[in-house]
Amino acid sequence: MSDDLTRLQPALLWARFSELTRIARPSKAEGPARDHVLAWAAHRSFEGCSDEEGNVVVRVPAAAGRESARVVVLQAHLDIVCERDPDSPFDPRQGRIDVHVEGDWVRAEGTTLGADNGIGVAAAMAVADDDAIEHGPLELLFTVSEEQGLDGAKALDASLVSGRLLLNLDGTSDDGLTIGCAGSDHTLLRVPLSTERARADDVVLRVELSGAKGGHSGGDITAGRANAIKALGRALAAAHDSAPFRLVSIDGGVSRNAIPRAARAVVCVATDLEQAFRELAGAELAAIGRQHVGADDELVLDVAPAEAERVTDESTTRTVLDLMSAIPTGVVAMTPGLEGVVETSTSLTTAATEDGVLTLGSMTRSSSVAALDGVLATMHALARLGGAELEVRRSYSPWEPDPESPLVRTARATYARLFDRDAALSVVHGGLECAVLGERLPGVEMVSIGPEIVGPHAPGEKVRISSTQRFYSLLGALLDDLSR
C-alpha cells in the first residue's frame with residue numbers, strides 16, 4: 001500500500017508522491033490536486049498563484065548565497081491518465097490507487113499509478129522542501145490537462161513565468177536527457193449513421209473485445225500491441241462477409257493518447273446467421289491473437305444478447321467497416337539516419353456513437369511537419385470516400401532539439417560528473433509540454449529528465465525506485481550547477 005512509500009529514498013519525494021496517489025487527478029478535473037499544491041505552498045510561506053486555466057506557479061526563494069542566480073523553472077503536470085481494469089475495485093478518478101512496492105519497483109494493481117507525472121510533481125515539491133539541495137530562485141510550474149492535448153500549457157498565462165531555464169520533469173527514463181519531441185495532430189472523423197427499424201425476426205448482439213494491453217500511443221507504438229478498436233473492426237468485417245449484419249453502435253477507447261484496450265459494438269443479424277457470425281468473428285480474433293503472440297495475445301471476444309430498436313442500413317454498415325479498416329494505425333515512418341527512432345506514427349484511439357453519428361478519433365505524431373501533413377491528407381481522402389466530416393486539431397508543433405544550447409551543455413556536464421558516463425540525447429516520440437512552452441515562453445532553454453516508468457498509460461504502470469533516486473540526484477546536482 002502507499003504507506004510503504006514513506007520507507008523509500010529519497011524520502012521527501014516519496015512522501016509527496018504518496019499524498020498524490022490519494023488525490024483524484026483526471027484531466028480537466030485537477031481541482032483537488034491544485035488545492036493540495038497551493039495549500040502546501042501556503043504552509044511553507046511560498047508565493048503561489050494560478051491562472052484562469054488552472055495552471056499553478058509556486059515561487060521558491062533561493063538558497064542562501066544563490067540569490068543572484070538565474071531563475072529556473074521546474075515544470076510538471078498535475079493530471080494523470082485514469083485507466084483501470086473493468087473488475088478492479090480501485091479507480092484513479094476517485095483518488096483510489098492500490099500501490100505496491102515490489103523489489104525495485106513501485107506499481108499499481110489494476111489501474112494506472114499516476115507516476116506520469118506525479119513523480120515530477122513530487123520531485124519539484126521535494127526540492128523546495130530539501131535543505132540539502134543548493135539552488136537559485138525557482139518557479140514551480142504545475143500545468144493541467146497535459147494528457148488532453150497539452151491544453152493547460154497552451155492556455156498558460158505566460159506573464160506568471162519569468163524564468164527562461166526550464167527543466168521539464170516528465171521524462172520516463174534516466175538513461176540520458178531528452179532535448180526534443182514529436183508534434184501531433186488530432187482528427188475526428190464523423191460518420192452520419194443512416195438508420196432504419198430493426199426487423200422483428202433479427203437478433204441483436206453486443207460484441208465486446210477486451211484484454212488488450214493498451215499503453216501510450218507514442219512510447220508503446222513499436223511494442224506490437226493490438227489496437228482494440230481496429231481489432232474489433234477486423235473481427236466484425238470478417239464476419240460480415242458471410243454473415244451480414246447491420247450496426248447499431250461502436251464505442252471504445254478512453255483517452256486520445258492511449259492505445260485502446262477495449263471496444264464494443266452492437267449489431268443486428270438474422271437469427272439463422274447468428275451462429276455463423278459468432279464463429280467467424282471468433283476465428284478472426286484467434287488470427288489476431290496469433291499475429292500478436294508474445295506481445296498482446298490475451299484478447300477476449302464476448303458476444304451476448306442486447307436490445308435495439310433502430311439499426312444502420314446495409315450501406316452505412318459497410319462504409320463504417322471499410323473506414324475502420326482503412327484508417328491507418330501504427331508506425332508510418334522511421335527517422336532517417338537514427339536507427340530505431342520512430343519519425344511518424346498514428347493511432348485510432350477512440351470511437352463513440354451518439355445522436356446518430358459515429359466519431360472515430362485518431363492521434364498522429366511526428367517530428368516532421370511535412371509527415372504530419374501527409375497523414376492528414378490521407379484522413380481527408382478517407383473522409384471524402386466515406387461521406388464523413390473531418391475535424392482537425394493540430395495540437396502542437398514538434399519541439400526541435402538544440403544540443404548546443406548552454407542549458408543542454410550544462411546538463412550534459414552534470415550528468416557525466418554524477419554518473420561517470422556521457423548522457424544519451426534523445427528526441428521522444430510523444431508529446432511533451434516543452435513543444436508548447438517553447439512558443440509560450442520566448443527565448444526559453446529546455447531539457448526534460450525523469451525516472452524509468454513502464455506502461456505509463458495502462459493498468460499496472462510502474463516506476464523504478466533506483467531510477468527515481470538517480471533522477472532526483474541529477475535534478476539536485478543540476479540545480480546546484482545552474483546556480484553557481
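The dialogue below takes up helices, their cover and the cysteines in turn.

A: This is a predicted model, in which local features need pLDDT of at least 70 and side-chain atom pairs count only at pLDDT 80 or more, while totals for chains, interfaces and linings use all residues. Residues are numbered from 1 along each chain as its sequence is written, and side-chain values use heavy atoms, with hydrogens and water left out.

Q: What span does helix α6 reach from its first C-alpha to its last?

A: Helices are DSSP runs of H or I with at least four residues, and strands are runs of E with at least two, numbered from the N terminus; the expected span of a helix is 1.5 Å times one less than its number of residues. Helix α6 (residues 274-291), with 18 residues, reaches 26 Å, close to the 26 Å expected.

Q: Which residues of α6 are buried, and what covers them?

A: Buried means under 20% relative accessible area, exposed over 50% and partly exposed in between, with a 1.4 Å probe and protein chains only. In α6 the buried residues include Phe277, Leu285 and Ile288, and their cover includes α5 (228-242) and β13 (245-252).

Q: How many disulfides does a search of the whole structure find?

A: A disulfide is a covalent bond between the sulfur atoms of two cysteines, taken here as a pair of sulfur atoms within 2.5 Å. The search of the whole structure finds 0; for cysteine 181, the nearest cysteine sulfur, that of cysteine 434, is 6.7 Å away.

Q: Why does cysteine 181 count as buried?

A: Cysteine 181 counts as buried because its relative accessibility is 1%.

Methods: Contact means heavy atoms within 4.5 Å.
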